[in-house]
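Here's a quick tour for anyone opening this structure for the first time. Have a look at it, then read on for the main points.

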Amino acid sequence: MGISVQRISKRFNGFVAVDQVSFEVAKGELVALLGPSGCGKSTILRIISGLERPDSGNVFLNNSNVNRLTPQQRRVGFVFQHYALFKHMTVEKNIAFGLEIKKKRKPEIATRVAELLELIGLTGYRKHYPAQLSGGQRQRVALARALASEPKVLLLDEPFGALDVKVRENLTGWLRRLHDKLNTTSIFVTHDQREAMDLADRIVVVNQGRIEQTGIAPQVYEKPRNKFVAGFIGNANVLDGICTDGAVYLKRTPYKIENRSAPATGKNGIMIFVRPEDIDIQATNRGNNAFPAVITHINYRGSYRELDLKAQGLNIKAFEYKNRKSAFSWQQNQTVFIKFNNYKIFERPVFNYGSSQKDIALDVECGEGKHGQASNG
């Protein structure tokens, strides 16, 4: 096992930043810690690196407990969001800095720096200073510096957060290829779901200092464990619903979403999560639980259009892609019929202040709606 985090917790002046977090990263695996700002993901990374000490719990690197070891003793490479390059040093000097501190021989340092410059594609920039580089180039130099000492583990804290979208996309693909080549055990922190899905072998979704779900990208996207994951990963319509008379309805409407063969649960009411791409738009009512809605606005998004719909006072968003037969044939103020092809249902939680009670996906009696079947995700 490359990294094993076991029930770590951390408080800052009474604020719980990390609360009983456990997860593992296999040797050579690239894992994303994904969550909103302030959720504790960077603190988790700093605890693994040794920059912070946990109040409780343990961190194992390659099966060894490293709680008492310094960051240097842990042989961990750390890449920060804002590069942290030495402005007065050239590219080659920045990369060589850690090796010089360790008093490596000059020929060994020169060979290692040359290897890393080639690896990051900046061989011709060795004499440049950070101010002479683009943001993407500076981040590649920061990564090379972290790799110079051949760390056992590579930790990246929002490595592309300060870059514009196009540069981030290019660097994401580059980092994935680099990781596959080096096979270094890595964790990177991000709040960008697309970045996590493009780059990581597995995703650990973090919220309020706790892990909400762990899995590969299709699992966390298509089978969210709770309403936070469903709402945070991708786009989703969140609609109130009720389970009554053997069927699921949109609340305060006569619109039935599905029939049920058994009495439905959800005593506190339910929430229906449906992604915009899972809504089928029809010109006429073909039955099968389709219901009327009015198109209030159409937004052009290039490869698809984003349709704002209103149904009995409910606002619903749908995506329609170019490869669909009816794509782009709709008009504003047109009445259409919509059907939820796939969706997830969660029981509405009872909010007990001070309680850690969470919402959960309901069982087969009021569960995931795909052809009437349910899944616990």
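Start with a cluster: Tyr255, Phe291, Phe340 and Tyr343 are linked into one by ring pairs. Rings of Phe, Tyr and Trp (its six-membered ring) pair if their centres lie within 6.5 Å, with planes under 30 degrees apart counted as stacked, over 60 as edge-to-face and the rest as tilted. Keep in mind that this is a predicted model, where local features need pLDDT of at least 70, side-chain atom pairs count only at pLDDT 80 or more, and totals for chains, interfaces and linings use all residues. Residues are numbered from 1 along each chain as its sequence is written, and side-chain values use heavy atoms, leaving out hydrogens and water.

**The overall picture**
- The protein has nine helices and 20 strands; these are DSSP runs numbered from the N terminus, with helices (H or I) of at least four residues and strands (E) of at least two.
- Of the 377 residues in the protein, 48% are buried, where buried means under 20% relative accessible area, exposed means over 50% and partly exposed is in between (1.4 Å probe, protein chains only).
- Take the contacts (heavy atoms within 4.5 Å) with a separation of 6 or more: residues 24 or more positions apart account for 66% of them.

- Phenylalanine 291 and phenylalanine 340 are both buried.
- Tyrosine 304 and tyrosine 321 make a tilted pair, with 5.2 Å centre to centre and 40 degrees between the planes.
- Here too distant parts of the chain are linked: tyrosine 304 belongs to strand 17 (residues 304-311) and tyrosine 321 to strand 18 (residues 314-321), 17 residues apart.
- Tyrosine 304 counts as buried at 19% relative accessibility, while tyrosine 321, at 27%, is partly exposed.

**Charges over rings**
- A charge sits over a ring if NZ of Lys or CZ of Arg is within 6 Å of the ring centre and within 35 degrees of the ring normal.
- Arginine 275 lies over the face of tyrosine 221, 4.0 Å from the ring centre.
- Arginine 140 does likewise with tryptophan 174, at 5.9 Å from the ring centre.

**Helix 1**
- Seven of the nine residues of helix 1 (residues 41-49) are buried, so this helix is largely enclosed by the rest of the structure.
- Those buried residues are Lys41, Thr43, Ile44, Leu45, Ile47, Ile48 and Ser49.

**Helix 3 and what follows**
- The axes of helix 3 and helix 5 (residues 135-147) come within 7 Å and cross at roughly 30 degrees; axes are lines fitted to C-alpha atoms, for helices over the stretch in contact, with angles from 0 to 180 degrees between N-to-C directions.
- Where do they meet? Val91, Asn94 and Ile95 in helix 3 meet Val141, Ala144 and Arg145 in helix 5.
- Lysine 104 is in the loop between helix 3 (91-101) and helix 4 (106-119).
- At 36% relative accessibility, lysine 104 is partly exposed.
- Neighbours within four places in sequence aside, lysine 104 touches Leu99 and Ile109.
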